[in-house]
Amino acid sequence: MPNSTEPLEQKQTQSDGSPEPAHATIGNSSTPKGRLTKTPKVIANGPRAFTWYLLSLVVIIIDQWTKWLAETKLTFHEPVPVIEPFLNWTLAYNYGAAFNFLADAGGWQKWFFSGLALVMSLFLIVYLIKAPRKATLLSFGLALVLGGAVGNLIDRLLHGHVIDFIHVHNADVWHYPIFNIADMGISIGVAMIVIDMLFLEKKREMPRS
């Protein structure tokens, strides 16, 4: 008769005499336990989004300050050479979108582009909270776009037009449309977002071994 003090479950032995494991490993039997892949857990910015909001605020402050300087120091459409023959300060007003698109539409474009900028800004505010915390380049780009969008939105609401003053050109042969700090923030921010989408997003989603 078996000893009553022995455990009810006894270790079983494999054919080679070694004890069988007391638990089963989930996964393919051909995959070693230490080589099982794990899907990376995405942690959102959450409250850390306020750090990126501060960056947006810096863009807005610099943008509005430089526009105030342009308004007070420059004469409308009179260029001031900075780096000849490539850069001037030239005060200009944009009543439309980028590259003066719809500038002569009759006034309704002010509210259209203002509403569009407001919706975009609200979307970016929310998206910065939900963006992955490790996606630093993405958050940096979103913050720059947010600051630029709000900077130009302030202009449209206060003045009815966007104040531009940075004039890049090549003598009198080629002229780039006059722009401002907010436009620079939007352009650089969009470039960062595209770089993240093309080269970094997939790496964040790759399973770890």
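**View A. The N-terminal end of helix α4 is capped by Asn 180.** In this predicted model, a side-chain oxygen of Asn 180 lies 3.0 Å from the backbone nitrogen of Ala 182. Helices (H or I, at least four residues) and strands (E, at least two) are DSSP runs, numbered from the N terminus. Residues are numbered from 1 along each chain as its sequence is written, and side-chain values use heavy atoms, with hydrogens and water left out. Local features need pLDDT of at least 70 and side-chain atom pairs count only at pLDDT 80 or more, whereas totals for chains, interfaces and linings use all residues.

**View B. Helix α4 (residues 181–205) carries a kink centred on Met 197.** The kink is about 50 degrees, where the bend at a residue is the angle between axes fitted to the seven residues ending there and the seven starting there. From first C-alpha to last, the 25 residues of α4 reach 34 Å, close to the 36 Å expected at 1.5 Å a residue (the expected span is 1.5 Å times one less than the number of residues). Buried in α4 are Ala 182, Gly 185, Gly 189, Met 192, Ile 193 and Asp 196, buried meaning under 20% relative accessible area with a 1.4 Å probe and protein chains only. The cover over these buried residues includes α1 and α3 (136–159).

View C. Asn 152 counts as buried, at 10% relative accessibility. Leaving aside residues up to four places away in sequence, Asn 152 touches Asp 63, Lys 67, Val 162, Asn 180, Ala 182, Asp 183 and Ile 186 (contact means heavy atoms within 4.5 Å).

**View D. Four strands form an open sheet in the order β1-β2-β3-β4, with antiparallel pairing.** Strands pair if DSSP finds at least two bridges between them. Because β1 (80–83) and β4 (174–175) stand at the edges with a single partner strand each, one side of each is left without a neighbour in the sheet. Three bridges join β1 to the antiparallel strand β2 (residues 87–94), and Ile 83 has Leu 87 in β2 as its bridge partner.

Notes. Buried < 20%, exposed > 50% of the residue type's maximum accessible area, 1.4 Å probe, protein only. Polar contact = N/O pair within 3.5 Å; in protein donor to acceptor, adjacent residues only side chain to side chain.
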